[in-house]
Amino acid sequence: MDDLDRQLAEVLGIDVKALEVFEFSNYVESSVENINNNYKKGNKIAYLAILSGIATYKMEKKPGAGHDFFEVVDAIHNCYKKNPQGGYDKGYADGLYALISVSSAKVGSLEQLLRILFYQLDKEKDGTAAFKIDIDDMIAKINALICENREVYRKDYAQHQRRIYSAICKCIKMKSI
């Protein structure tokens, strides 16, 4: 919430602290804390839900915007900054390994995983990461995954391309009607 929003809320008599609870970044951090509590209780794949945006852990700024994994990764780092002994870094790494494991069937899952990893690398490179991950080990596991599932990815990608082509054709037909 920026200063202008705070001033407007005060003028309108709205409790600023209550509004801050509803800020998207605060909501995502709260969700990360919830995931981390599950992780610490022994659910080693708890982070998979929030990294991939499954069910109630699909973090969207507005309905239909899609899962905002950038905000999720930022929230994990922010939670770690507040509590470095909280296990956020380990839970995040275990979540990435779980995402590697489930990325054997769909190109979309693999794409999401790579986007998260590249964002993490960007954070490490520009100095905004609160911690680093073992990217070399993850890349080795991803390379092995791709080699093992090359044909599965080819088929899934071909189906994906056909769906896109079909959708484009439908749009063209609609415009010509």
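So, how many helices and how many strands does the protein chain have? There are 9 helices and 0 strands, where a helix is a DSSP run of H or I with at least four residues, a strand is a run of E with at least two, and numbering goes from the N terminus. Read along the sequence, that gives α-α-α-α-α-α-α-α-α.

Quick housekeeping. This is a predicted model, so to speak of local features we need pLDDT of at least 70, side-chain atom pairs count only at pLDDT 80 or more, and totals for chains, interfaces and linings use all residues. Residues are numbered from 1 along each chain as its sequence is written, and side-chain values use heavy atoms, with hydrogens and water left out.

On confidence: pLDDT is the predictor's confidence in each residue, from 0 to 100. The protein chain averages 83, and 76% of the residues score at least 70. Helix α2 (residues 16-21) has the lowest confidence, with a mean of 59, while helix α5 (residues 69-82) has the highest, at 96.

Now the inside. Of the 177 residues in the protein chain, 35% are buried, meaning under 20% relative accessible area; exposed is over 50%, partly exposed is in between, with a 1.4 Å probe and protein chains only. The largest nonpolar core has 39 residues, and V32, Y47, I76, Y92 and L96 touch the most other members. At least two residues of this core come from each of α3 (24-40), α4 (46-52), α5, α6 (88-102), α7 (107-126) and α8 (135-148). By nonpolar core I mean buried Ala, Val, Leu, Ile, Met, Phe, Trp, Tyr and Cys residues joined through side-chain atoms within 4.5 Å.

Take Y92. Leaving aside neighbours within four places in sequence, Y92 is in contact (heavy atoms within 4.5 Å) with Y47, L51, V73, I76, H77, I116, Q120, F131 and I133.

Some of those turn up again between α5 and α6. These two helices pack at about 150°, axes 9 Å apart, with axes fitted to C-alpha atoms over the stretch in contact and angles running from 0 to 180 degrees between N-to-C directions. That makes α5 roughly antiparallel to α6, the label for angles over 145 degrees. V73, I76, H77, C79 and Y80 of α5 meet Y88, D89 and Y92 of α6.

Last stop: is E29 buried or exposed? E29, in helix α3, is buried, with a relative accessible area of 10%. Leaving aside neighbours within four places, E29 is in contact with A75, N78, C79 and K82. The E29 side chain also makes a 3.2 Å polar contact with the side chain of N78. Polar contact here means a pair of N or O atoms within 3.5 Å, one able to donate a hydrogen and the other to accept it.

How values were computed:
Parallel < 35°, antiparallel > 145°, perpendicular 65-115°, else oblique.
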